[in-house]
Amino acid sequence: PPPPPPTTPRHNCRRQRQMCIRDRLYLAVLEDFRDNIKLALDDYLAQSRFATGLELVEGLVGFYFSLAEDMAKRFLLLNLYDSFRLARSNPAFHQQLEDIYDCIVDDFEKAIVRGQADGSIADVPARKYAFIVFANVDGMMRLKTFSLYQTETLYGELIRACHRMLARGNS
């Protein structure tokens, strides 16, 4: 194949400016998405009452499912390969994705710590198990988001798996 056409400094500037504008817009969308997720989680936790930390984990699983359905287009954007590709090469994108996932995982971790305090959850590494729970929930939502599987049929099993994994006396 012939070599690519030479680029002029002016062409490079224009292309770089377009990428910069596109990246800033994409970052702004991700930041807004993170803020919306955090607000929704905070509202949910403020309005909900759970007797135990284990019940809170189960409630958060259900809430994440409903949030992902309510914000399906945004979750689709979050799950695109481009998001992860950009995060590998751009620290700002990496931080934004990390912040989005952390705001969700943080609440799972707090629920696990609460459950350990009230005796409903076994003595497990809370942050690690929060990631495991989140990864299971998020994986199921990705299958649903991309219309690969109707994950509603697995919801009850996911809740039981979380209970078996976390409940005191089951580990």
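Two residues are said to be in contact, or to touch, when heavy atoms of theirs lie within 4.5 Å. In this predicted model, Val61 touches Phe108, Val133, Val137, Tyr155, Leu158, Ile159 and Cys162, when residues up to four places away in sequence are not counted.

**Overall fold**

The protein is built from 7 helices and contains 0 strands. Of its 171 residues, 36% are buried. The accessible surface comes to about 10200 Å², and carbon and sulfur atoms account for 58% of that area. Among the contacts with a separation of 6 or more, 69% join residues 24 or more positions apart.

**The nonpolar core**

The largest nonpolar core has 48 residues. Val61 is one of the residues with the most contacts inside this core, together with Ile37, Phe75 and Phe108. The elements that give two or more residues to the core are H1, H2, H3 (72-78), H4 (81-89), H5 (91-118), H6 (126-145) and H7.

**Packing of H6 and H7**

The axes of H6 and H7 come within 11 Å and cross at roughly 170 degrees. An angle over 145 degrees counts as roughly antiparallel, and H6 and H7 are therefore roughly antiparallel to each other. On the side of H6, the contact is made by Tyr129, Ile132, Val133, Asn136, Val137 and Met140. H7 contributes Tyr155, Leu158, Cys162, Met165 and Leu166. Val133 and Val137 of H6, like Tyr155, Leu158 and Cys162 of H7, take part in this contact, and these residues are also touched by Val61.

**Aromatic pairs**

A search of the whole structure finds 8 aromatic pairs. One of them joins Phe65 and Tyr155 in an edge-to-face arrangement, with 5.3 Å from centre to centre and 85 degrees between the planes. Phe65 lies in helix H2 (residues 53-70) and Tyr155 in helix H7 (residues 155-166), so the pair ties together parts that are 90 residues apart in sequence. Phe65 counts as buried, at 8% relative accessibility, whereas Tyr155, at 30%, counts as partly exposed. Elsewhere, Phe33, Tyr64, Phe75, Tyr101 and Phe134 form one aromatic cluster. Within that cluster, Phe75 is also listed among the residues with the most contacts inside the largest nonpolar core.

Asp23 is placed in helix H1 (residues 9-47). Leaving aside neighbours within four places in sequence, Asp23 is in contact with Asn90 and Phe93. Arg142 lies in helix H6. With neighbours within four places again left aside, Arg142 is in contact with Asn79, Phe84 and Tyr101. Arg142 and Asn79 are 63 residues apart along the chain, yet their C-alpha atoms are separated by 7.3 Å.

The accessibility of the individual residues discussed above is listed here.

| Residue | Relative accessibility | Class |
|---|---|---|
| Phe65 | 8% | buried |
| Asp23 | 16% | buried |
| Arg142 | 24% | partly exposed |
| Tyr155 | 30% | partly exposed |

The classes follow from a cut-off: buried means under 20% relative accessible area. Asp23, at 16% relative accessibility, therefore counts as buried, while Arg142, at 24%, counts as partly exposed.

Methods:
Residues are numbered from 1 along each chain as its sequence is written. This is a predicted model: local features need pLDDT of at least 70, side-chain atom pairs count only at pLDDT 80 or more; totals for chains, interfaces and linings use all residues. Side-chain values use heavy atoms; hydrogens and water are left out. Rings of Phe, Tyr and Trp (its six-membered ring) pair if their centres lie within 6.5 Å; planes under 30 degrees apart count as stacked, over 60 as edge-to-face and the rest as tilted. Helices (H or I, at least four residues) and strands (E, at least two) are DSSP runs, numbered from the N terminus. Buried means under 20% relative accessible area, exposed over 50%, partly exposed in between (1.4 Å probe, protein chains only). Accessible areas come from the Shrake-Rupley method with a 1.4 Å probe; for residues, only the protein chains shown count as cover. A nonpolar core is a set of buried Ala, Val, Leu, Ile, Met, Phe, Trp, Tyr and Cys residues joined through side-chain atoms within 4.5 Å. Axes are lines fitted to C-alpha atoms, for helices over the stretch in contact, and angles run from 0 to 180 degrees between N-to-C directions. Angles under 35 degrees count as roughly parallel, over 145 as roughly antiparallel, 65 to 115 as roughly perpendicular and the rest as oblique.
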